[in-house]
Structure formats: C-alpha cells, structure tokens
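Visitor: Good morning. Could you take me through this structure step by step?

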Amino acid sequence: MKPKYFLIEMYPTVSFKEEETLRRLLDVLESHESFKPTHWGNSETIKVEYNREELIQKVIEEGNVSEIYLHRNKSVSYTFNVKVNSSPRSFLDMDFSKSIPEKLWANFFTLSDQLAEIAKPRFGLAHPFWPAAHPWNTERERVHKWMNICAQPVPVRFLSNGPLGLGMRTYIGSEILDLVDAKSMQEIPAFLSTLEWGGIKIDLVEDPLDVNLDTLLDRWLEAMNHLKRADFIATPNFEENRRRISFSPSPGWKRYLTK
C-alpha cells in the first residue's frame, strides 16, 4: 500500500516580506518542474494565474498581503500557504491533495530540505501519510493514528502543546533544541544531521524512498520512546472512543511558553 498524500509543515523564523527571502522561496518552487505553481492568491478563496512579479509586487511594494497561497492543479497538485510576517505564529503548509508518483518522492524530500534552508523553522517536518483505521481496533492501529496526528503540527495543537512528535523527516531549530539535553538528542535512535542554518534534521529511516508502513511505525515508536524519556514531546491522551487523541504540553514546553 502506498501513501495517500504528502505534507510539509514548518514554523519559519524568517519574514517573507523580505524580497530576497520571498524570491528564494519562489525560486525553489519554480525549480522543480513537477512542483511549479499554476495559481496564486492572498486568501484561501482567491486563485488567479500564477505571476511571479505580480505576487512579489503586491507583497513587497503594496504591503497589504499577510498570507500567500500557491496552488498547482496539474497531475501533481498541492496547496501551499505561508504567512509573510515573522512571528511565533508564522506557519508554512504545503499539502499535496493526493499521492505523489513514486519517481518524485526524492524530489519531495529535496524540496522540503530547500524550504527548510530558507524558512529556518523552529520546528517542521515532511511526511507521507498512509490511511489510518478510524476508530483504531489494535495497538498497531493506535500507534499509526498517533503518528499521523503528530505529523501534522498545526497551530491549534503546536502552539499550546509544543512538538507532538516526529514525522518521517523532522527539522528542529536551535531555540527548541535548547529544551532538551543535547546528549539525549544526539543519542536518538534515528539518523540525525546538523544543518548549516543551525538546526538539525532527523530521519526515521536511512532511505525515505525505500520504506514500508510497518518499518516506519517501528522506527517512529522507538524514537518517540526515547524523546519521551528526554521530556521533549507532548503527552498524548487517548480517548475511550478510540477516535481522538488530545495532548498536554511537556514541562519543557511550559518553560518555553513562559520565556
């Protein structure tokens, strides 16, 4: 069974009202033939034909754009959304509405790395999603549902609870890295890389192009158990109806919120 859809989500620490940063972002999307935008807008409901210079003019010169939406409606389709101002609520989301052809999986992870290099996220991830049972009936299905929710660090969950967990590829910036003991993070049972912009990248598997769901779940649970002992991730609360999972912030995140 192949993933149903792919997702990139990040909390940038840069402003996309800076022309150089905005141009770099558009350069990255345009450099991948299969990911080039076809439409854009300054709200979720507006879609006009993609025009790079028009977009830049409205964001930089007119200054009345708070969010950018980019869309692609061809065989590889997505909706891309980013807030242009820099704040703790800055959010970047790239949601591929359906699965990506296997030949493009490598491009998906390359694109994610390039976006992270520009956005320098305090936290972010790239993850393929396999359909999860709803409600879950077995322990394995419960873990699968848990992983899928953790891999969607949307503001309503992340801002109050902090990192819920890992995705197949996870980016963590320096200010959030400070919440966990450096030795604990270095010893995580995963593949960790230090990035030039000061963050780290965690891959659950060595080759994200050669993985099945069972292997991913095993590696995810092993890494999550390690981070739980390191007091880094939010505490999950599994509801009795076996449909919903809520979260409570870790002590480390509570300290972060009071800074």
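Guide: Pro-135 is placed in the loop between β7 (123-129) and α4. Helices (H or I, at least four residues) and strands (E, at least two) are DSSP runs, numbered from the N terminus.

Visitor: What sort of model is this, and how are residues numbered?

Guide: This is a predicted model, in which local features need pLDDT of at least 70 and side-chain atom pairs count only at pLDDT 80 or more, while totals for chains, interfaces and linings use all residues. Residues are numbered from 1 along each chain as its sequence is written, and side-chain values use heavy atoms, with hydrogens and water left out.

Visitor: Is the peptide bond from His-134 to Pro-135 cis or trans?

Guide: The bond from His-134 to Pro-135 is cis, and its omega is near 5 degrees. Most peptide bonds are trans, and most residues other than glycine have a negative phi.

Visitor: Which residue has a positive phi although it is not a glycine?

Guide: Lys-120 does, with a phi of about 45 degrees. Lys-120 belongs to the loop between α3 (105-119) and β7.

Visitor: Let us turn to helices. How do α1 and α2 cross?

Guide: The axes of α1 (residues 19-31) and α2 (residues 52-62) come within 11 Å and cross at roughly 155 degrees. Axes are lines fitted to C-alpha atoms, for helices over the stretch in contact, and angles run from 0 to 180 degrees between N-to-C directions. The helices α1 and α2 are therefore roughly antiparallel to each other (under 35 degrees counts as roughly parallel, over 145 as roughly antiparallel, 65 to 115 as roughly perpendicular and the rest as oblique).

Visitor: Which residues make that contact?

Guide: Contact means heavy atoms within 4.5 Å. On α1 the residues include Leu-22 and Leu-26, and on α2 they include Leu-55 and Ile-56. By class, this contact of α1 with α2 has 6 nonpolar, no polar and 6 charged residues. Ala, Val, Leu, Ile, Met, Phe, Trp, Tyr, Cys and Pro count as nonpolar, Asp, Glu, Lys and Arg as charged, and the others, Gly among them, as polar.

Visitor: And how do α1 and α3 pack?

Guide: Their axes are 10 Å apart, at an angle of about 175 degrees. Thus α1 and α3 are therefore roughly antiparallel to each other. Among the residues that meet are Leu-25 and Val-28 in α1 and Leu-111 and Leu-115 in α3.

Visitor: At what angle do α4 and α8 cross?

Guide: The axes of α4 (residues 139-150) and α8 (residues 213-229) cross at roughly 75 degrees and come within 10 Å. That makes α4 roughly perpendicular to α8. The residues of their contact divide into 10 nonpolar, 1 polar and 3 charged.

Visitor: Which residues of α4 and α8 meet?

Guide: Trp-146 and Met-147 are among those in α4, and Trp-220 and Leu-221 are among those in α8.
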